[in-house]
Amino acid sequence: MKYFLIAIATSIASMGYSCDDCNVYQSINPNDFSHSIRLNFRWAMKYGSFNQEGIQLLKHGGAEPQFVNTTVEEYYSSIDLMGRVFLHPRLNLLMSIPFRNNYRAEGEYQVADVYGIGDPQTILNYRLINSVKTDSSEFIHRLTISGGLKWKVGKTDVQLDGQLLDHDLQLGSGSWDVLAGLEYYGMFKSCGVYGALGTAQKL
């Protein structure tokens, strides 16, 4: 039993400190410029309650009488299937398909439990600066510009008892979006810095 608990604690610590930005993008990983495919898991929880007037303190507007003074829990999880294809050492294409689950409960009542595909993304990345780490280089840095498209695929019309679910519980955003971004990675010996800017515009 003791060794089992130690193994669990070690795995949790490993998950907490792992970082793709640290071990992939700084050219420490020998597969840094290779095609890749991976699964990425994301999870978030929101918790709140309704006040005496029936206003939800979490986000949404109001509540049925039976939900007054009850707790509200929401869980959002996504498993993203991601693939990267290098067309050139400076140019790569990133594709992502999310498989989402959005859940909401008010008190003892399950209000929503939605499964399905979200909005895929296709992003083209071009590295304006693309230094590579060698035995003699102490400083490397990369500057990348990105442009892409978020596809309108995920459902936005999921209903419960004839009522349309709130927008954030839907699987998709309901729009085609043009994506643009700018990233900078810098590394000196064992120290690094990272910064990013991004924007999305509906079509």
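Is Glu73 buried, partly exposed or exposed, going by its relative accessible area? With a relative accessible area of 27%, Glu73 is partly exposed (buried means under 20%, exposed over 50%, partly exposed in between, with a 1.4 Å probe and protein chains only).

## What you're looking at

This is a predicted model, so a few ground rules: local features need pLDDT of at least 70, side-chain atom pairs count only at pLDDT 80 or more, and totals for chains, interfaces and linings use all residues. Residues are numbered from 1 along each chain as its sequence is written, and side-chain values use heavy atoms, with hydrogens and water left out.

The chain has two helices and ten strands; these are DSSP runs numbered from the N terminus, with helices being H or I of at least four residues and strands E of at least two. Along the sequence the order is α-α-β-β-β-β-β-β-β-β-β-β. Of the 203 residues in the chain, 30% are buried. Among contacts (heavy atoms within 4.5 Å) with a separation of 6 or more, 58% are between residues 24 or more positions apart.

## Glu73 and its surroundings

Back to Glu73, which sits in strand β2. Its side chain makes a polar contact of 2.5 Å with the side chain of Tyr75. A polar contact here is a pair of N or O atoms within 3.5 Å; within protein, one must be able to donate a hydrogen and the other to accept it, and residues adjacent in sequence count only if both atoms are side-chain atoms.

Setting aside neighbours within four places in sequence, Glu73 touches Lys46, Tyr47, Tyr103, Arg104 and Ala105. Take Tyr103: it is 30 residues from Glu73 along the chain, and their C-alpha atoms are 8.1 Å apart.

## Aromatic rings

Tyr103 turns up again in an aromatic cluster with Trp43 and Tyr75. The structure holds four aromatic pairs. Rings of Phe, Tyr and Trp (its six-membered ring) pair if their centres lie within 6.5 Å; planes under 30 degrees apart count as stacked, over 60 as edge-to-face and the rest as tilted.

Tyr185 and Tyr194 make a tilted pair, with 4.6 Å centre to centre and 40° between the planes. Tyr185 counts as buried because its relative accessibility is 4%, whereas Tyr194, at 39%, counts as partly exposed.

## The largest pocket

How much space lies in the largest pocket? About 1,000 Å³. To find pockets, a 1 Å grid is laid over the protein atoms alone: a cavity is a set of points where a 1.4 Å probe fits but cannot get out, and a pocket is an open set with protein on both sides within 12 Å along at least five of seven lines; lining residues have an atom within 4 Å of a point. Grid points are joined across faces, edges and corners, and the volume is the space filled by probe spheres set on the points.

The largest pocket is lined by 47 residues, and those closest to its centre are Met82, Leu94, Ser96, Gln121 and Ile123. The elements that each give at least two residues to this lining include α2 (20-23), β1 (36-49), β2 (71-88) and β3 (91-106). By type, the lining splits into 16 nonpolar, 18 polar and 13 charged residues; Ala, Val, Leu, Ile, Met, Phe, Trp, Tyr, Cys and Pro count as nonpolar, Asp, Glu, Lys and Arg as charged, and the others, Gly among them, as polar.

## Loop residues, buried and exposed

Gly118 is in the loop between β4 (109-117) and β5. It counts as buried because its relative accessible area is 0%. Leaving out neighbours within four places in sequence, Gly118 is in contact with Pro98, Arg100, Val153, Gly154 and Leu171. Ser175, in the loop between β8 (163-164) and β9 (177-188), is also buried, at 10% relative accessibility. Its side chain has a 2.8 Å polar contact with that of Asp177, and, apart from neighbours within four places, Ser175 contacts Lys150, Trp151, Lys152 and Lys202.

Asp161 belongs to the loop between β7 (159-160) and β8. At 74% relative accessibility, Asp161 counts as exposed. Asp161 is not a glycine, yet it has a positive phi of about 55°.

## A strand residue

Arg142 is in strand β6 (residues 139-150). Its relative accessibility is 2%, so Arg142 counts as buried. Ser131 is eleven residues away along the chain, with 6.2 Å between the two C-alpha atoms.
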